[in-house]
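Here's a quick tour of a protein model for you to follow along with. Keep the picture open while you read, and look up each part as it comes up.

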Amino acid sequence: MEKKEKKLCVFTLYADKGGSSQYRSYLFKETLENNFDVKWYYFWNNQYATKYMHNKKKYFLVIALQYIIAIVKRWYQLQFIASKCDVIFIQKASIPKLKKTFLKKVKKKHIRIIFDVDDAVYLDKKDNSNEIACFADVVICGNETLKKHYKKYCKKIIVFPTIENTEKYMKYWSSNFTSKSIVWIGSKTTVKNIELVVNPINKVINRHPEVKLYIISNDALDFPNRIKNCSLIKWEKEKYIKDLSNKSIGIMPLYDTEYNRGKCGFKLVQYLNMKLPVIGSPVGVNTQIIEGNGLLASTEEEWEKSFEKLLFNEEFYNDCVKHIEDDFLRKYSYATISNKLIDVLNGR
């Protein structure tokens, strides 16, 4: 007799173009569907993730209407669909900005609840992640900072890094030392962190006019006017990986805030999947990810020296690339993390 597949409901914060949902949930879509009978439900649609959320004042009424509709849909899904599943996976929130989780009915039916969180969302007074964690059988955190917080609410906490599918990057791998280019990738919400490296980059470019900075984002603020040889490349889902290629190094400057200490270093993960050595601020998980794969920099002087070393010391640059190949690509591989996720969902 054929074994019946377990039923899995995946509740994401965004549809598949929303950053955190894309990489913490939809990245594993094929693998999950090969192992479970899966139903997918998002809260915010792609239009919100790609357009509305970047200009909330302008689209306030549209967002408010979408929010009310999404609450009703999510309530129905949790009460009448999730209650018929074997496992539910909640990514970041059940209903954002609402303390009530609507998980009591699911819990009473002894349905396995897995909660995934990759940001310090608990800093928001309206966040309900602590309440969700109380119901969860397992909380999957993106780093140790988050683990430390959520262990107060759930007995079983597991740390999974935010990853990319390395295979998508492989065809773009090449030797990039000679390009003398720096790249930063991210959204308008994090681009302000580039402020930390404006002076160091300009000083390096004054000495080496061939050095360039590329910002891959939906908005670069005024940095292309303030940093020499700086260009904006509009982020597009279909081409951001290609746009990361042929660059020399990737950077992740971060202000040392409680929120940033809860971030999962995903920019670094993207650069390292392209086999680009990195420079980053020693904030949160950055320290663990960068070890051996590049350099940490706290002050403007350290950033300047780090740029000089990675851009112009070929032996050191190649040592970093070798470490990425031998260490990073093993620890952060899709196969490793996806297999662990299947085990967690199955209760192993």
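Let's start with a tryptophan: W235 has a relative accessibility of 31%, so it counts as partly exposed, since buried would need under 20% and exposed over 50%. Keep in mind that this is a predicted model. From here we'll go through the rings, the sheet and the cores.

**Rings and their partners**
- Y240, on the other hand, is buried, with a relative accessible area of 4%.
- W235 and Y240 make a stacked pair, because their ring centres are 5.4 Å apart and their planes meet at 20 degrees.
- Searching the whole structure turns up 18 aromatic pairs.
- One of them is Y14 with Y48, a stacked pair at 6.4 Å centre to centre and 15 degrees between the planes.
- Y14 sits in strand β1 and Y48 in helix α3 (residues 46-50), so this pair ties together parts 34 residues apart in sequence.

- You'll find 6 strands in an open sheet with parallel pairing, in the order β2-β1-β3-β4-β5-β6.
- β2 (37-44) and β6 (157-159) are the edge strands, each pairing on one side only.
- From one strand to the next, the twist averages 20 degrees.
- β5 (residues 138-141) pairs with β6 over 3 bridges, in the parallel sense, and C141 stands opposite V159 in β6.
- Helix α4 (residues 60-81) packs on the sheet and touches β1 (7-14) and β2, with its direction at about 155 degrees to that of β2.
- Helix α17 (residues 334-345) packs on the sheet too, touching β1, β3 (87-91), β4 (112-117), β5 and β6.

**The cores**
- The largest nonpolar core has 80 residues, and those touching the most other members are L8, L32, I215, I251, Y271, F307 and L345.
- Helix α16 (residues 314-331) gives the most to this core, with 7 residues.
- Leaving out residues up to four places away in sequence, I251 touches a list of residues including W184, I201, Y271, W303 and F307.
- Another core, of 43 residues, lies apart from the largest one, and its members include I95, V121, I132 and C154.

**A helix with buried residues**
- In helix α9 (residues 198-207), the buried residues are V198, P200, I201, N202, V204 and I205.
- Their cover includes β8 (212-217), α10 (223-226), β10 (249-252) and α15 (300-312).

Definitions and conventions: Residues numbered from 1 in each chain as written. Predicted model: local features only at pLDDT ≥ 70, side-chain atom pairs only at ≥ 80, totals over all residues. Heavy atoms only, no water. Pairing = 2+ DSSP bridges. Helix = DSSP H or I, 4+ residues; strand = E, 2+ residues; numbered from the N terminus. Axes fitted to C-alpha atoms, helices over the stretch in contact; angles between N-to-C directions. Contact = heavy atoms within 4.5 Å. Core = buried A, V, L, I, M, F, W, Y, C linked by side-chain atoms within 4.5 Å. Buried < 20%, exposed > 50% of the residue type's maximum accessible area, 1.4 Å probe, protein only. Phe/Tyr/Trp six-rings, centres within 6.5 Å; stacked < 30°, edge-to-face > 60°.
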